[in-house]
Amino acid sequence: MRVCLLTPAPDHPLLAATAGLLTPRHRVETLDPGVEPCAVDPSALADVYLMKTRTPRALALARHLEAHGAPVLNSAAATELCQDRTAMADLALRAGLPFVATTTAPRLGHLVEAGTPLTAPVVIKSRHSRRHDLVARVDDAARLRSLAAEWRDEPVVIQRFTPNDGWDHKLWVIGDEVFAEFRRSELAAPAAARTRPLPVRDLPADWLDMVRRVGEVFALDVYGVDLLDVAGAPLIVDINAFPGVRGQCGAPEALADLALRTAAGRHRPRALAVGLPGGS
């Protein structure tokens with residue numbers, strides 16, 4: 001089988017370990033959409049593409065590959081949807097998933113200029129998810145003005161702050177396998193440790209069912225879900241396509257298995273339903 005990694009960082013621990021498992025019997029290639037053309041020879045397609053990048057060039061390349069029949073994990077449409085936190089919240093809530101209440105502002109400065117009242121505390125995030133985007137807790141007007149001075153033209157979403165213990169439940173799904181850990185929230189005070197173990201067997205069955213439902217709704221095969229525990233009930237605060245699953249025993253094996261099943265035609269990448277945000 002030919003497995004192609006669409007990424008500028010093939011040395012990422014998850015990808016490198018997965019490639020190491022595959023290479024004894026299969027061919028693993030790397031294509032960086034940031035430097036390569038946004039098209040490939042349709043007669044020389046790999047058997048499966050793993051897309052761990054979300055740039056416009058990467059999405060364009062993924063659409064080109066999909067148009068020529070190549071399987072891409074995750075699809076371009078699903079990956080793009082997870083970059084838009086407004087569309088993400090809308091789809092999650094319409095699907096009945098426990099997603100934090102979310103509103104949108106065209107730009108952060110508009111909240112200050114319009115004198116929009118906020119029921120503090122709230123969490124303000126960049127509408128479009130990317131590296132080094134805005135994620136901040138706002139408790140008063142002074143904090144809002146301070147953020148607006150730096151991020152005035154940034155499109156944002158506003159989410160109600162949910163009191164919690166400062167630890168996010170990070171759940172990752174690769175194919176049929178679920179992995180988890182506690183990770184210190186970037187909104188919480190620093191702690192001695194940034195992560196803590198979270199055995200999947202200790203999670204309630206309905207939590208696991210809900211996390212798998214996220215994959216069905218968002219057409220994702222490799223994804224992450226950030227949860228808060230609210231009086232024993234899960235609350236989703238973010239969903240990520242193809243996250244960096246680090247230090248999870250069995251994750252490279254799960255990704256290698258998913259890649260080979262997809263390459264062999266035993267698994268088809270999930271597709272967004274027609275009429276949903278990001279769908280056709």
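Author: Glu177 is partly exposed, because its relative accessible area is 42%, and the class runs between buried, under 20%, and exposed, over 50% (1.4 Å probe, protein chains only). This is a predicted model, where local features need pLDDT of at least 70 and side-chain atom pairs count only at pLDDT 80 or more, while totals for chains, interfaces and linings use all residues. Residues are numbered from 1 along each chain as its sequence is written, and side-chain values use heavy atoms, with hydrogens and water left out.

Glu177 belongs to strand S10, which spans 177–184. Strands (E, at least two residues) and helices (H or I, at least four) are DSSP runs, numbered from the N terminus. What does Glu177 touch, leaving aside neighbours within four places in sequence? Trp172 and Ala254. Contact here means heavy atoms within 4.5 Å. Val222 is 45 residues from Glu177 along the chain, and their C-alpha atoms are separated by 9.7 Å.

Now to Lys170. This lysine is in strand S9, residues 167–174. Lys170 counts as buried, because its relative accessibility is 12%. Its side chain makes a polar contact with the side chain of Asp226, at 2.9 Å. A polar contact is a pair of N or O atoms within 3.5 Å; within protein, one must be able to donate a hydrogen and the other to accept it, and residues adjacent in sequence count only if both atoms are side-chain atoms. Leaving out residues up to four places away in sequence, Lys170 touches Phe179, Ala180, Glu181, Arg183, Val225 and Asp226.

Next, a charge over two rings. Arg196 lies over the face of Trp167, 4.8 Å from the ring centre. The charged end of Arg196 also sits over the ring of Phe182, at 4.4 Å from its centre. The test asks that NZ of Lys or CZ of Arg be within 6 Å of the ring centre and within 35 degrees of the ring normal.

Then the interior. In soluble globular proteins, nonpolar side chains tend to be buried together. The largest nonpolar core has 38 residues, and Val214, Phe218, Ile236 and Ile239 touch the most other members. Such a core is a set of buried Ala, Val, Leu, Ile, Met, Phe, Trp, Tyr and Cys residues joined through side-chain atoms within 4.5 Å. At least two residues of this core come from each of helix H3 (76–81), helix H4 (85–94), S9, S10, helix H7 (205–218), strand S12 (222–230) and strand S13 (233–241). H7 gives the most, with seven. Apart from neighbours within four places in sequence, Val214 is in contact with Leu97, Ala219, Tyr223, Val225, Ile236 and Ile239. A second, separate core of 21 residues includes Val48, Ala251, Leu255 and Ala256.

Ala231 sits in the loop between S12 and S13. Its phi is near 55°, positive in a residue other than glycine. Ala231 counts as exposed, because its relative accessibility is 85%. Phe242 lies in the loop between S13 and helix H8 (251–263). Phe242 is not a glycine either, yet has a positive phi of about 50°. Buried or exposed, at 3% relative accessibility, is Phe242? Buried.

Check the cis bonds too. The peptide bond from Leu73 to Asn74 is cis, with omega near -10°. Asn74 lies in the loop between strand S4 (72–73) and H3. Ala120 and Pro121 are also joined by a cis peptide bond, with omega about 0°. Pro121 is in the loop between helix H5 (108–113) and strand S6 (122–126).

The structure holds zero disulfides, a disulfide being a pair of cysteine sulfur atoms within 2.5 Å. Cys82 counts as buried at 2% relative accessibility, whereas Cys249 counts as exposed at 77%. Ala44 lies in the loop between strand S2 (27–31) and strand S3 (48–51). At 40% relative accessibility, Ala44 is partly exposed. Ala219 is 175 residues from Ala44 along the chain, with 26 Å between their C-alpha atoms.
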